[in-house]
Amino acid sequence: MSSSIRDLILANVPEDGSAIGNMALVALLRETVPGLTDEEYSAAKDDLVADGLLGKGRGRGGSVYLLGDRKSVV
């Protein structure tokens, strides 16, 4: 399930490089994956950050933004 969560995260992060809050992103993902836990989300998000696909931003609950050209990674 982790790779599908990674794919969903990448599909829902704005393509223009602007940030989206983690709480808002989790809410969007739970529309598709109702049983998604905070731990599953965090693990997938942290993997994407470690792989250099997402950057971490500020905000209440934190935020993420897309690094580079998404088309080359999806």
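Throughout these legends, a residue is called buried when its relative accessible area is under 20%, exposed when it is over 50%, and partly exposed in between (1.4 Å probe, protein chains only). The model is predicted, so that local features need pLDDT of at least 70 and side-chain atom pairs count only at pLDDT 80 or more, while totals for chains, interfaces and linings use all residues. Residues are numbered from 1 along each chain as its sequence is written, and side-chain values use heavy atoms, with hydrogens and water left out.

View 1. Gly-55 counts as buried because its relative accessibility is 6%. Leaving aside residues up to four places away in sequence, Gly-55 touches Ser-63, Val-64, Tyr-65 and Leu-67, a contact being heavy atoms within 4.5 Å. Between the C-alpha atoms of Gly-55 and Gly-17, which are 38 residues apart along the chain, the separation is 9.4 Å.

**View 2. The two sides of helix H2 (residues 22-32).** Helices (H or I, at least four residues) and strands (E, at least two) are DSSP runs, numbered from the N terminus. Asn-22, Leu-25, Val-26 and Leu-29 are buried in H2; seen down the helix axis, the buried residues fall within an arc of 100°, so they line one face. The face turned away from this buried side carries the exposed residues Met-23 and Glu-31.

**View 3. The largest nonpolar core, with 18 residues.** Such a core is a set of buried Ala, Val, Leu, Ile, Met, Phe, Trp, Tyr and Cys residues joined through side-chain atoms within 4.5 Å. Among the residues with the most contacts inside this core are Ile-9, Leu-25, Leu-29 and Val-64.

Technical notes: The arc is that of the directions from the helix axis to the C-beta atoms.
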